[in-house]
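Here is a protein chain to explore, step by step. Keep the sequence and the 3D view side by side as you read.

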Amino acid sequence: MKSLPLKLLEELHSIKSFDELSFIAAHELQPVTSVRINPAKNIHLFGANEKVPWCASGVYLKDRPIFTLDPAYHAGAYYVQEASSMFLDHMLRSILQDKQGLRVLDLCAAPGGKSTLIASLIDKNSLLISNDVIRTRASILEENMTRWGYINTWVASNDPRDFGKLAGYFDVIVVDAPCSGSGLFRKDVRALDEWSEGNVHLCSERQQRILADVWPALKQDGILVYATCSYSVEEDEQILDWLGNTFDVQTIDVPINEEWGIVSVSSPEKGMTGFRFFPDKVNGEGFFIAALQKNEEANTLRPAKFKTAHDKKIEQQAGWLLNDTDALIIQTEQNNFCTINKYHEADRELMKKIVYLRKTGLQLGTPAGKDWVPDHQVALSIDASSSLPFLNVDKDNALRFLKREDMGISDLEKGWMLVKYNGLGLGWIKSLGNRINNYLPKHWRIRMKITDEE
């Protein structure tokens, strides 16, 4: 590995507990691999491995497998996530204390690590909006949220200032801000090559702009979680000072176990609390996170009255796909329908006038005469009906299905079937008796060949 930037090392000496020799030595080691289990999919995986201490569903792996060739990964049984960033789980559980009916925004959400974590943490009547302003990244985010399988997670693609128009709407806003990336030096050599003091300063200015644009959307007493994967004080503690000087806000201390190795820090000017993760002290990568509470009054945007868009006729045709009989079925575009929690229709009516929603609830599919063509999202949903016809396959056939190859299966009962692996949905087939049609979306297909990894 190239030498770490001297300017960065000099700056880090101002942080308590920083040990330069130990820090440099840690960057000569391979990064650890960790995953977070999807508790709603209830499958026993990685049982003998070490647990991530600040996240009950987090697990360290001794080796890095080929995730692309694991059908359980494609079924949303787990998410590959860096262990330090899983601290968000401990932070939100400590602060929110099982509060229900929340409105949560993950502003810079792609590829989806923190959003899938939040989805597993909130109750079904809460609503999570996962956003990324870059459309290509939002597409990846949508796929990962689809795999995770929750109806109450919507995906958007908007600039932060667009959400600022939703005055006083969100109880929690998470901003994992774009940064200089120094915390990922040992995972991404490009971050080391591209690091400069000038880039750090540009990132700091961008972070301030993002926070200022989205700030009006946070309720009074609402929680802002600010995070970066940067070691630079200008992007971390100094941003807390900027928030304290610009808004009426206070940081929230969160209890941590000394054995975890997390360093609690205070900003230089206003003494605001944050948490630093150094790879020589924790089993994870470089990370910074802080929680702040908004004290100032916030204007509140209230939804206008509306007539429900629930389609009772389509409910009779497509309701067999779902466990939740209270969910609403709404037409999203010509001949396409989605389902949402009945408590979230007002949210949809309000937001569709202000922000662009890529994914609202769960896409159900389209009517085709007396038949119904189910959407791929239903196959991965935790709310799919438990009585749906299914075909359970072994790993070899699961991979054939995911590559859209012939599984060599015939003589099935005619009709739609879920393809399942270890009880987890992977997608749809339609049996025509003498053959089957694979309805896995083409852009979801595995393109990797096993020989590529040998």
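Predicted model: local features only at pLDDT ≥ 70, side-chain atom pairs only at ≥ 80, totals over all residues.

Start with the salt bridges. The count comes to 16. One of them joins the side chains of R103 and D347, with N and O 2.8 Å apart. This pair links distant parts of the chain, since the two residues are 244 residues apart. R103 sits in strand β4, residues 103-106. D347 sits in helix α12, residues 345-351.

Move on to K114 and D176. Their side chains also meet in a salt bridge, at 2.6 Å from N to O. K114 belongs to helix α5 (residues 113-121) and D176 to strand β7 (residues 170-176), so this bridge ties together parts that lie 62 residues apart in sequence. K114 is buried, because its relative accessibility is 9%.

Next comes R276. Which residue does R276 pair with in a salt bridge? The partner is E237, and the closest N and O atoms are 2.8 Å apart. R276 is in strand β11 (residues 273-277), while E237 is in helix α10 (residues 237-246), so the pair ties together parts 39 residues apart in sequence. R276 is buried, at 1% relative accessibility. E237 is buried too, with a relative accessible area of 2%. The bridge is part of a network of salt bridges that links D236, E237 and R276.

Where is N38 found? Its place is the loop between β1 (33-37) and β2 (58-61). At 0% relative accessibility, N38 counts as buried. Its side chain makes contacts with backbone atoms. A polar atom of the N38 side chain lies 3.1 Å from the backbone nitrogen of A40. The N38 side chain also reaches the backbone oxygen of G76, at 3.0 Å.

Compare that with another asparagine, N257. This residue is in the loop between β9 (249-251) and β10 (263-266). N257 is partly exposed, with a relative accessible area of 35%. A polar atom of its side chain lies 2.9 Å from the backbone nitrogen of E259. N257 also shows how sequence and space can part ways. N257 and P53 are 204 residues apart in sequence, yet their C-alpha atoms are 9.1 Å apart in space.

K7 is found in helix α1, residues 6-12. It is partly exposed, at 47% relative accessibility. K7 and Y78 are 71 residues apart in sequence. In space, their C-alpha atoms are 38 Å apart.

Turn to the surface. Which residues gather there in a patch of positive charge? They are R404, K442, R445 and R447. R445 lies in the segment after β21 (436-438). With 32% relative accessibility, R445 counts as partly exposed.

Finish with the backbone. Most residues other than glycine have a negative phi, and most peptide bonds are trans. With that in mind, look at the bond between A110 and P111. It is a cis peptide bond, with omega at about 5 degrees. P111 is in the loop between β4 and α5.

D98 is not a glycine, but has a positive phi of about 65 degrees. D98 is found in the loop between α4 (87-96) and β4. At 70% relative accessibility, D98 is exposed. D411 likewise has a positive phi, of about 60 degrees, although it is not a glycine. D411 has its place in the loop between α14 (395-402) and β19 (415-421). Is D411 buried or exposed? It is exposed, with a relative accessible area of 69%.

Note on methods:
Residues numbered from 1 in each chain as written. Heavy atoms only, no water. Patch = residues over 30% accessible without salt bridge, like charges linked within 9 Å, V, L, I, M, F, W, Y side chains within 5 Å. Areas by Shrake-Rupley, 256 points an atom, 1.4 Å probe, with all protein chains shown as cover. Salt bridge = Lys/Arg side-chain N within 4 Å of Asp/Glu carboxyl O. Lys, Arg positive; Asp, Glu negative; His and termini not counted. Charge placed at Lys NZ, Arg CZ, Asp CG, Glu CD. Helix = DSSP H or I, 4+ residues; strand = E, 2+ residues; numbered from the N terminus. Buried < 20%, exposed > 50% of the residue type's maximum accessible area, 1.4 Å probe, protein only. Polar contact = N/O pair within 3.5 Å; in protein donor to acceptor, adjacent residues only side chain to side chain.
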